[in-house]
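Have your viewer open and ready for a short walk through the model.

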Amino acid sequence: MSSPTSAGRLVRIRLQIRTMNTRATNVRGTRALDQGRESFQRQAWSTAFELLSAVDQESPLEPEDLGLLAQAALLIGREREGIDLLNRVNQAYLDRGDVQFAARYAFWLGFTLLTSGESAT
């Protein structure tokens with residue numbers, strides 16, 4: 001049978017391992033986010049979409065990066081995903097209270113829906 005001291009030590013070790021794993025994931029996520037941004041700047045739309053999508057699956061992107069992901073999706077012909085992402089960007093800016101950027105993305109959402117033949121309702 002284990003003593004209270006060894007049980008406590010085991011819990012601390014597990015917490016340390018969990019913390020180390022979280023830090024490693026954050027570092028990988030940060031690298032992927034930086035690479036996704038760089039790919040977008042280089043106009044490597046597919047790579048930017050893949051990298052930013054992967055980061056977004058781990059933890060929701062901030063509106064600025066979500067906007068890049070939406071643009072990349074539209075530029076590689078992933079229209080349905082791009083429209084969904086534009087909607088998320090718009091809502092994220094509204095949630096933040098940034099009405100100017102929310103309006104900008106609402107415009108692009110409506111424009112994209114209009115040019116794709118879909119209804120904005």
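The tour below says what to select at each stop and what is there.

Before we set off: this is a predicted model, in which local features need pLDDT of at least 70 and side-chain atom pairs count only at pLDDT 80 or more, while totals for chains, interfaces and linings use all residues. Residues are numbered from 1 along each chain as its sequence is written, and side-chain values use heavy atoms, with hydrogens and water left out.

**Stop 1: the whole chain.** Show the cartoon. You will find five helices and zero strands, in the order α-α-α-α-α along the sequence. Helices here are DSSP runs of H or I with at least four residues, strands are E runs with at least two, and both are numbered from the N terminus. Of the 121 residues, 29% count as buried (under 20% relative accessible area; exposed is over 50% and partly exposed in between, with a 1.4 Å probe and protein chains only).

**Stop 2: helix 2 and helix 3.** Select residues 45–58 and 63–75. The axes of these two helices come within 9 Å and cross at roughly 135°; axes are lines fitted to C-alpha atoms over the stretch in contact, with angles from 0 to 180 degrees between N-to-C directions. Helix 2 and helix 3 are therefore oblique to each other (angles under 35 degrees count as roughly parallel, over 145 as roughly antiparallel, 65 to 115 as roughly perpendicular and the rest as oblique).

Now show side chains. On helix 2, W45, A48, F49, L52, S53 and D56 meet D65, L66, L68, L69, A72, A73 and L75 of helix 3, where contact means heavy atoms within 4.5 Å.

**Stop 3: aromatic rings.** The structure holds six aromatic pairs. Rings of Phe, Tyr and Trp (its six-membered ring) pair if their centres lie within 6.5 Å; planes under 30 degrees apart count as stacked, over 60 as edge-to-face and the rest as tilted.

Pick F40 and W45: this pair is edge-to-face, with 5.0 Å centre to centre and 70° between the planes. Is F40 buried or exposed? F40 is buried, at 10% relative accessible area, and W45 is partly exposed at 23%.

Next, select Y93 and F101. Their ring centres are 5.2 Å apart and their planes are at 20°, so the pair is stacked. Y93 is buried at 3% relative accessible area, whereas F101 is partly exposed at 31%.
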